[in-house]
Amino acid sequence: MERISNYQLYVLTVLYQIGTTIVFGFGAVAGRDAWISVLISSSVGLIIMLLYTLLMRMNPGLTLVEWWRAQFGKWIGTPIAWAYTLLILYEVGRGVGDLKFLIPITILPKTPIFIVLIVFMIVLIYGAFAGIEVIARLGEIVFPVILFLFPIEIILIFGSHIMNIQHLQPIAGKGWSQILEAVWPVGITQSFGESIELAMIWPLVSQPEKIIRTTLLATITSGLFIAIFDAIAVATLGGAIFENSIYPMYTLIQQISLGEFVDNLDAIEVLYFLTTIFFKISIHMFAVVRAIQKLTLVKNSRVFILPVSAIALYLGMTMSSNILVHIETSLKMIQYNLFVPLFIILPSILFVVTLIRGKYRKNEKYLKS
């Protein structure tokens, strides 16, 4: 059985939660107060992650799809488990769709996007066959590079003299309603709510007693990372541009210019984005393949990798006709119809049911003794 360390879990959680979030600009709906919405979303996200990890502790050794059958029984639990599996599969397709629009707009406008996606899928399939241990080890290598590049980018932005702190003021100048609109539900479900699928990985962690602390620390890290980036982007671009830009972080990096020798860093930033997107989609892929294997009781999960990859590629190529539809679907339709029920309502119900059943079992044991 594959095993990963707690540090590797920390790295994967941070990379997963940053994922595509940083590409599109977390909390952009809040305009110049986006960084405030990120901090609030991260605080609520901590509670959500605590809920998920407590469910993991109350169902020791079980994955996300096994929780439901264990507590709700075969007839109710199995359809719910399949709903999560299909949602994760859809998320793989959405990740591919993100790339379909990102690459032509940024670094490869004349390259057929199908060729780019095929190459990406080959790398993704290789990672899926290699397993979560290899993906986690790769994360250990990449994560320090990202940590190194982050302060370098901030220094370059400051050195370019393109920031204006006045863009961040007045704080909550348009009221708190716009900030809270960015928090609920997108700010909570995006990245933090999605992290419920990490429950497919938690049983593979070598020190399960440290998972709660590791996961909460990773959530704090990713929240601060995104909040700092949003604050810098708003201070540089202004609230209006940040709110209306499709890829605000890409636009931000394009502004860097030191003399005539540090310029045109946008290609490096796209590679930065591709790295975080790769890890998020890789975890999606691992989670959905393992979920199908658990639900079908097939011994070798690798038989599902190629079919899942083909479905994800098809979904990514066909689900949205343009980037605006793609973003609109993510912000509105799937949030209320899928994310809120599956990431917040059902886990809360499961937590209550598990608590009640746990107390009932304890009372039964006490009476028998």
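This is a predicted model: local features need pLDDT of at least 70, side-chain atom pairs count only at pLDDT 80 or more; totals for chains, interfaces and linings use all residues.
Biologist: Why is R290 called buried?

Modeller: Its relative accessibility is 12%. Buried means under 20%. So R290 counts as buried. R290 sits in helix α12, residues 266-296.

Biologist: What makes T63 a contact of R290?

Modeller: Contact means heavy atoms within 4.5 Å. With neighbours within four places in sequence left aside, R290 meets that rule with T63, M200, P203 and L204. As for I201, its C-alpha is 9.2 Å from that of R290, and the two are 89 residues apart in sequence.

Biologist: Why is L297 called exposed?

Modeller: The cut-off for exposed is over 50% relative accessible area. L297 has 68%, so L297 is exposed. L297 lies in the loop between α12 and α13 (305-318).

Biologist: What is the phi of L297?

Modeller: About 65°, a positive value, although L297 is not a glycine. Most residues other than glycine have a negative phi.

Biologist: Which bond joins W184 and P185?

Modeller: A cis peptide bond, with omega about -5°. Most peptide bonds are trans. P185 is in helix α8, residues 176-193.

Biologist: How many cavities of 30 Å³ or more are there?

Modeller: One. The largest cavity holds about 50 Å³.

Biologist: What makes up the lining of the largest cavity, by class?

Modeller: Seven nonpolar residues, three charged and no polar. Glu counts as charged. The lining includes E91, E194 and E197. Tyr counts as nonpolar, and Y16 and Y84 are among the lining residues. Helix α5, residues 74-105, gives the most to this lining, with four residues.

Methods: Residues are numbered from 1 along each chain as its sequence is written. Side-chain values use heavy atoms; hydrogens and water are left out. Helices (H or I, at least four residues) and strands (E, at least two) are DSSP runs, numbered from the N terminus. Buried means under 20% relative accessible area, exposed over 50%, partly exposed in between (1.4 Å probe, protein chains only). On a 1 Å grid over the protein atoms alone, a cavity is a set of points where a 1.4 Å probe fits but cannot get out, and a pocket is an open set with protein on both sides within 12 Å along at least five of seven lines; lining residues have an atom within 4 Å of a point. Grid points are joined across faces, edges and corners, and a volume is the space filled by probe spheres set on the points.
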